[in-house]
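Trainee: Could you go through this one with me? I'd like to begin with the charged pairs and then move on to other parts.

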Amino acid sequence: MRELIAEGPGDVLVFASGEREIREASEALTALDLPNTEVLPLYARLSAAEQHRVFQRHTGRRIVIATNVAETSLTVPGIKYVVDPGTARISRYSHRTKVQRLPIEPVSQASANQRKGRCGRTSDGICIRLYSEDDFDARPEFTDPEILRTNLASVILQMTSLGLGDIAAFPFVEPPDRRQVTAGVQLLQELGALDAHAGKLTDVGKQLAQFPVDPRLGRMILEGARNGCVREVMVIAAGLSIQDPRERPAEHKEAAGQQHARFRDKDSDFLAYLNLWNYLRDKQKELSGNQFRRMCRSEYLNYLRVREWQDVHSQLRQLLKPLNITPNDVPADPQRIHMSLLAGLLSHVGLKDPEKGDYLGARGTRFAVFPGSGLFKKQPRWIASAELVETSRLWARVNARVEPEWIEPIAQHLVKRTYSEPHWERKQGAVMANERVTLYGIPLVAGRKVNYGRIDPEVSRELFIRHALVEGDWETRHKFFAANRSLLDEVEDLENRARRRDILVDDETLFAFYDERVPADVVSARHFDAWWKKASRTDPDLLNFEKAMLINAGSDEISAADYPDTWTQGQLRFRLTYQFEPGSDADGVTVHIPLPVLNQVTADGFDWQVPGLREELVTALIKSLPKSLRRNFVPAPDTAKEVLSRVDPADGGLLDVLGRELERLRGVAVPFDAWQPDAVADHLRMTFRVVDEKGRTAAEGRDLEALREKLGDKVRKSISAAADDLERTGLTTPAFGELPEVFEATRRGHVVKAYPALVDEGESVAVRMVDTPEQQAAAMWAGTRKLVRLNLPSPMKYINRSLSNTAKLVLARNPHGGVPGLLEDCVDCAVDKLIAETGGPVREEAAFGDLVKAVGQRLNPTVLSVLREVEAILTAFHEVEAVLSDMDGPAIAGGLADVRAHLDELVHDGFVTETGYDRLPDLVRYVRGVGRRLEKLPSDPARDAERRGDIAWLQDEYRAVLAEVPAGANPSRELAEIRWMIEELRISFFAQTLGTAYPVSLKRVVKALDNAPL
């Protein structure tokens, strides 16, 4: 620029590609602060006043920076110098993206020469080209004609309307690219104006040909007529067909923005046109022509463009009459307006991409909202745009928020529908699928459920038959359906019981049965109901199964009798169910036991299983034996079959019977502990399911005794509910009437059996129902003892008067924690002795008084007798403890530990009542025997250890048998006696000089343990 200034006076014309380049160049030149120089921009979007400044007279030098509008459209006077960068924005239509592009391209030689001519109109001038001569020579001679650079839809529409034939064969001077023609045809098809197959215009196309506007705008008007909003759409279409009448001068941007913001709509730039139109119409009625013109200027509105807008609208309105379209009088709903606009903008729809922040458009294009749009700041998920123009990027200008459900009805001829995951839905009674609807690749609908019957009847019919008829996934009242399902359930139940999956025929057989009988047009429940209503009148048994057709050949050996529905134990009968689900908790046979009768059920017989599984169970048990035994019984299945042909559950417990029978058959004894019942498969062991009165599962498992223990409280509550009249609480006197040996009542069809007993509750006595006679006996004795003591005066004063100081001193050192606790223990022991001598507990209230009287008469002397024995026991105990405290050493540590544990077993809190009156003299001997053992221990610890091991083994066996005694019950008298036999055995081992009460040995104790009942 300094070089040109040096050449002399004269204005300068600088060509630029666009507004941004003009602003940047203006700022740069202004910053030079050239003397007596004015910089003026010139481009189409400037207001008329600003554009006219270049024609006004001036002094000094003027630098005009212009787009190629100054190349041919207007002549700037006084230009002597030209600066040509050699580029311009050339409008080109992209046949691929179907949008109008404005790329910056090198100008042609003709354009360059035209620019050069601008500096020599009045005198010789200078043109500086900012590119090389070689570059100039390599450029095309002329700029491409507009027909090669624009959308040909309007041309094709008019040529087809005039009957000029195939556009591809028309003799153009410069024929357009075939792809441009195809793009124009596609747009007309999108608008519904052209029938591509017939090559003719549709009725819509014939109407569009009469509109002097872009086909897209014409299509909006026609749709507006159908939606009752043609008046509003026509205003918008006319506004879109002209240059925007709103001006934004560079020096007054904020003021112009504030004026224009009055018409803005937050959801639609289109409605902004309508708002502006209504405003202008009202003002034009109020103001004179000059006033209106001045108003437009003051509010930054281009008056000439407003007039052009009104003229186009007037022309369009005149065309409505020949087309039999009447404008609406009532203001239209915005939704209908936008639906009408969408008819012309289907390829200008966009879906917001939240990750990238732009919009996905037709055919994979991506665009952004133009900053001048009212939707730029708060962009909706879906928009439709009046135009997509590519400059630095693809911009969407004039936008509106739309909804996909508005688009789909208008784009029926363009959308693509795909279907996935066809599936049967019971509630719908039809085959449904997920529908995906796309428009030019934009997903309008994703995952919408639709009826698949009309889309693919063949597949829908197959799915209907397989799911509704074969699998039974259908809610219907047809008689044949219920009968068929019942037959299938019978056969499936037999499969579960036999644990086989080859009895029932496969689904393909059932499918073939229905496929042969159901017509091809039956694809849903509704179709079936309509057909069956008629077909069932002529052949009501057409769709009925026969049981024979459901059972595979070769399954006849399965007998339902081997898999009974119930299990009988005495007078009790329990329901059986079968489950064939390996790995599940209840796989196999399940016995359903009502909670109120759980106390009456024993494990007897359940170990034999149902007949159908018995052979498999016995085979598994034989295989569980150690190899040394198992090899005598191979093959196991044959041996199992032979054994079961000779025995049955009536012969006794399964393992006992198997052991005897195998020894008889093979001559090989099988020890009981060689069996491993836990090693057999779970389904071969019964599952016990305890159900409450409402049929709900209270607990279940394969260990019946564990369930009885776990649910003991619930069983007692259930029984108590049936024995409300008999149970009592808080008794301190014998007000219990008469207690029956056994209580029986019918509860919801089940015979509830329980055993009433007096139960010690601490400060009082209660009448409670217990589960077994053994529990009854144990509870009755303790309850009777408590009630007797509650009805007798305390003997404590008598005892204190009768005891010597020496006795009191001895008794003070005891494991009860004090003398009162020991005395209470002694009184309980004395009461037990006296109750036993009078015949034991009584069940009648009347007889209880005699029992109390008999015990009361002899209680005091009996208690003193007990105390004399306890004094002797504690004296011996203290002597042994004194010796024990002085002994130590690693060689005898094991023996000393055993002695301490033995003393704790003999003398502890409550030992007096536990030992019993008759056994107390023996307890003195047992404690003294411990002392004799301590005397011998240091001299021969090895012998002590050997005999200690024998005693430990024997005690372990005894504890194992005691563990089998039902909870709450006392062991039998024979089993309880074994404890004292072990004590006598200790005397024979460690203190022979004290002598035993009777002959005793290790073998005798083991024999007694084997023979003692629980």
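Trainee: How many salt bridges does a search of the whole structure find?

Mentor: This is a predicted model, and searching the whole structure gives 55 salt bridges. One of them joins E38 and R62, whose closest N and O atoms are 3.6 Å apart. That pair links distant parts of the chain, since E38 belongs to strand β2 and R62 to strand β3, 24 residues apart.

Trainee: Is R62 buried or exposed?

Mentor: R62 is buried, at 4% relative accessible area, whereas E38 is partly exposed at 27%.

Trainee: And what does R366 pair with?

Mentor: R366 forms a salt bridge with D358, with 3.2 Å between the closest N and O atoms. Here R366 is partly exposed at 31%, while D358 counts as buried because its relative accessibility of 10% is under 20%.

Trainee: Switching to sheets, what is the strand order in the open sheet of 5 strands?

Mentor: The order runs β20-β21-β22-β23-β24, with mixed pairing. β20 and β24 are the edge strands, each pairing on one side only, and the twist from one strand to the next averages 30 degrees.

Trainee: In which sense do β20 and β21 pair?

Mentor: They pair in the antiparallel sense, over 4 bridges, and Q569 stands opposite L572 in β21.

Trainee: Last one, how many residues does helix α29 have?

Mentor: Helix α29 has 18 residues, 773–790, and reaches 25 Å from its first C-alpha to its last, close to the 26 Å expected. Its buried residues include M780, G783, L787 and V788.

How values were computed:
Residues numbered from 1 in each chain as written. Predicted model: local features only at pLDDT ≥ 70, side-chain atom pairs only at ≥ 80, totals over all residues. Heavy atoms only, no water. Helix = DSSP H or I, 4+ residues; strand = E, 2+ residues; numbered from the N terminus. Expected span 1.5 Å × (residues − 1). Buried < 20%, exposed > 50% of the residue type's maximum accessible area, 1.4 Å probe, protein only. Pairing = 2+ DSSP bridges. Axes fitted to C-alpha atoms, helices over the stretch in contact; angles between N-to-C directions. Salt bridge = Lys/Arg side-chain N within 4 Å of Asp/Glu carboxyl O.
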